[in-house]
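Please read them with the sequence and the structure open beside you.

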Amino acid sequence: AHVQGKWRCAGPVRVKGGAAQQLAVDFSGDELGAQLAIGKSRIEYGRATGAGDAKRVRLVKVPVAWLKDFLAGLWEQGHWNNGSLDGAIDIDAPGQGPLRVRTDLQLAGVGVETPDGTLAASGLNGRLRVDYRSQDERESVDVDFLAHGGELLFQRFYSKLPDGDVQVQVSMQREGDKPWRLPRLRWRDAG
C-alpha cells in the first residue's frame, strides 16, 4: 500500500519447513521500519524517537535463542542459553563521531555462560541498562543491572540472588588492545 510517500507491505512469511509468521515493512525515501511477530513475541526496527538518526530495535517477549547470533557479535564469549528479553536497543552509528549502543531491557529467566566457565548465570530476572561508546581507539561500557532472583557465578564468586533488589553497576574502559579498566564496580543489596 502507498500512502503519502510511504509504502507498507505486510503479510505472512515462511521459512522452509516452518510455520507462517507475520512480517510488516514500512519504508519511504529516508525511512525503513519492520516488525516480525511470532505468537506473542515481536521484534520491531525503526527510528529511535527523539534520538536524531539513531535506530531502535524493540523487543517484546523475545526468546534469547532468536538473538544468539546478534548477541555473539556483541560478546563473542557469551553463550546465551534461555530466557526472554523485552525492551529497547538504540543504535547510533553516525558517519562521523562515536558509535553508541544503549539498551533498556527486562530480562526474564535468562541464562548465559562462557566456554571457560569464568562466568555463568541462570534464571536472571531484572532490568539491564547498558551504554556502550566507541570512537577511534577508545571504548567504554556502563552497565546498570537491577536483578530480582537467579544465580550468578563469576570465577570463584557464586551468589544465589534474592527475590528482592540487587543492583550491580560496572564501568569499563579501554584504549586499543590494552586490557579493560574497571574504574567502577558496585554491588548493592539489602543483605
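**Notes on the predicted model**

1. In this predicted model, confidence within the protein chain is lowest in strand S1 (residues 2-3), where the mean pLDDT is 62, and highest in strand S10 (residues 138-147), where the mean is 94. Where pLDDT is low, the predicted coordinates should not be read in detail.

2. For the protein chain as a whole, the mean pLDDT is 86, and 96% of the residues reach 70 or more.

3. As to the overall build, the protein chain contains one helix and 14 strands, and its C-alpha trace spans about 60 × 40 × 30 Å along the principal axes. Of the contacts with a separation of 6 or more, 34% are between residues 24 or more positions apart.

4. Turning to burial and surface, 30% of the 191 residues in the protein chain are buried, while the accessible surface comes to about 12400 Å², with 53% of that area belonging to carbon and sulfur atoms.

5. The largest pocket deserves a separate point: its volume is about 1700 Å³, and 43 residues line it, with Trp75, Leu119, Leu128, Val143 and Met172 lying nearest its centre. Strand S8 (residues 99-113) gives the most to this lining, contributing seven residues.

6. What is the make-up, by class, of the lining of the largest pocket? The lining has 37 nonpolar residues, together with five polar residues and one charged residue.

Key:
Residues numbered from 1 in each chain as written. Predicted model: local features only at pLDDT ≥ 70, side-chain atom pairs only at ≥ 80, totals over all residues. Heavy atoms only, no water. pLDDT = per-residue confidence, 0-100. Helix = DSSP H or I, 4+ residues; strand = E, 2+ residues; numbered from the N terminus. 1 Å grid on protein atoms, 1.4 Å probe; cavity = no way out; pocket = protein on both sides within 12 Å on 5 of 7 lines; lining within 4 Å. Points joined across faces, edges and corners; volume = space filled by probe spheres on them. Nonpolar A, V, L, I, M, F, W, Y, C, P; charged D, E, K, R; others polar. Buried < 20%, exposed > 50% of the residue type's maximum accessible area, 1.4 Å probe, protein only. Contact = heavy atoms within 4.5 Å. Areas by Shrake-Rupley, 256 points an atom, 1.4 Å probe, with all protein chains shown as cover.
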